[in-house]
Amino acid sequence: FDPPLPASKIAALDRIENGPISKVVLRFDRRFWPSDMSLLGNPGRQRRAGRSYFVPLYGAVSLPGGASSAILTALFNGNEARELDRRMSGRAEGDSGGGLPATVRARVDDYVRRNIMADLDEIFPGSAGFLTGWRVRSWANDPFTIGGTSFIRFEAGGRSRDAATVRQALADHLPTLPLYWAGEACALGTNPWSVHGAHQSGRAAARNVHAYLELPTG
């Protein structure tokens, strides 16, 4: 940065780490989950974190053109996300329809069927046969994100409220006007994680920008 960032910002940024998260959008030729399901979690003894499945088109019967709305989004983190990122061979995005080199597509397809579809088939027997395509988003392989979600690195001797202090220092725009800060790492409310935190901090930054632009010039 030019001019250089204040020491408070540099110290806060030094405490922020990125964790791996990857998403796989799955398309099926029919819906096999209950119509009132919007989110599905499946924790397991062998996994540090359970897999999660979202219904992005909750309530939709069909898509324009008559396409099926039978779509689930699988969310992975930790070691499972790292494995998917590795199979993507440094690519941030691709799909089963040819958006990846054949060798990479085969590795990812194997991952989808061995992990995701085996998981869903355990919950909904027979569902593996309904898969018609997938699309992967690897946030760790994206040069503009380099990770899926942020967290505050713990330091020996630290206190639980240190995380809030770091977030406050990162979100504070006064030392860097007219540069404002937003993103999940800047969230100060009850949802300092992922989409909720990013949305919350973005709204806060927008309000501050609006107030700044309305200040009278001297």
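Helices H1 and H4 are oblique to each other, where helices (H or I, at least four residues) and strands (E, at least two) are DSSP runs numbered from the N terminus. Angles under 35 degrees count as roughly parallel, over 145 as roughly antiparallel, 65 to 115 as roughly perpendicular and the rest as oblique. The structure is a predicted model, in which local features need pLDDT of at least 70 and side-chain atom pairs count only at pLDDT 80 or more, while totals for chains, interfaces and linings use all residues. Residues are numbered from 1 along each chain as its sequence is written, and side-chain values use heavy atoms, with hydrogens and water left out.

The protein chain contains five helices and eight strands. Read from the N terminus, its elements follow the order α-β-β-β-β-β-α-β-α-β-β-α-α. Of the 218 residues in the protein chain, 35% are buried; buried means under 20% relative accessible area, exposed over 50%, and partly exposed in between (1.4 Å probe, protein chains only). The accessible surface of the protein chain is about 12900 Å², and carbon and sulfur atoms account for 55% of this surface. Accessible areas come from the Shrake-Rupley method with a 1.4 Å probe, and for residues only the protein chains shown count as cover. Contact means heavy atoms within 4.5 Å. Among contacts in the protein chain between residues at least 6 apart in sequence, those joining residues at least 24 apart make up 64%.

Two packed helices are described by the angle between their axes and the distance between the axes. The axes of H1 (residues 7-14) and H4 come within 9 Å and cross at roughly 130 degrees. These axes are lines fitted to C-alpha atoms, for helices over the stretch in contact, and angles run from 0 to 180 degrees between N-to-C directions. The crossing of H1 and H4 is left-handed, a term used if the near helix is turned anticlockwise from the far one by less than a right angle, with right-handed used if clockwise. On the H1 side the contact is made by Ser8, Lys9, Ala12 and Leu13, and on the H4 side by Val166, Ala169, Leu170 and Ala171. The residues of this contact of H1 with H4 comprise six nonpolar, one polar and one charged. In this grouping Ala, Val, Leu, Ile, Met, Phe, Trp, Tyr, Cys and Pro count as nonpolar, Asp, Glu, Lys and Arg as charged, and the others, Gly among them, as polar.

Within H4, the residues Asp162, Val166, Arg167, Leu170 and Ala171 are buried. The cover over the buried residues of H4 includes H1, strand E1 (16-19) and strand E8 (149-152). Arg15 is located in the loop between H1 and E1. Arg15 counts as buried because its relative accessibility is 13%. Neighbours within four places in sequence aside, Arg15 is in contact with Phe151, Ile152, Arg153, Glu155, Asp162 and Val166.

The contact of H2 with H3 has four nonpolar, no polar and five charged residues. Arg87 belongs to helix H2 and, at 14% relative accessibility, counts as buried. Residues up to four places away in sequence not counted, Arg87 touches Val104, Arg107, Val108, Asp110 and Tyr111. The C-alpha atoms of Arg87 and Asp109, 22 residues apart along the chain, are separated by 9.6 Å.

Several loop residues have backbone features of note. Ser89, in the loop between helix H2 (78-87) and strand E6 (93-95), has a positive phi of about 55 degrees although it is not a glycine. With a relative accessible area of 33%, Ser89 is partly exposed. Ile146 also has a positive phi of about 55 degrees without being a glycine. Ile146 lies in the loop between strand E7 (131-138) and E8 and counts as exposed at 57% relative accessibility.

The loop between helix H4 (162-171) and helix H5 (194-213) holds Leu177, and Pro178 has its place in the loop between H4 and H5. The peptide bond from Leu177 to Pro178 is cis, with omega near 5 degrees. Leu177 is partly exposed, with a relative accessible area of 38%. Between the C-alpha atoms of Leu177 and Val209, 32 residues apart along the chain, the separation is 9.7 Å.
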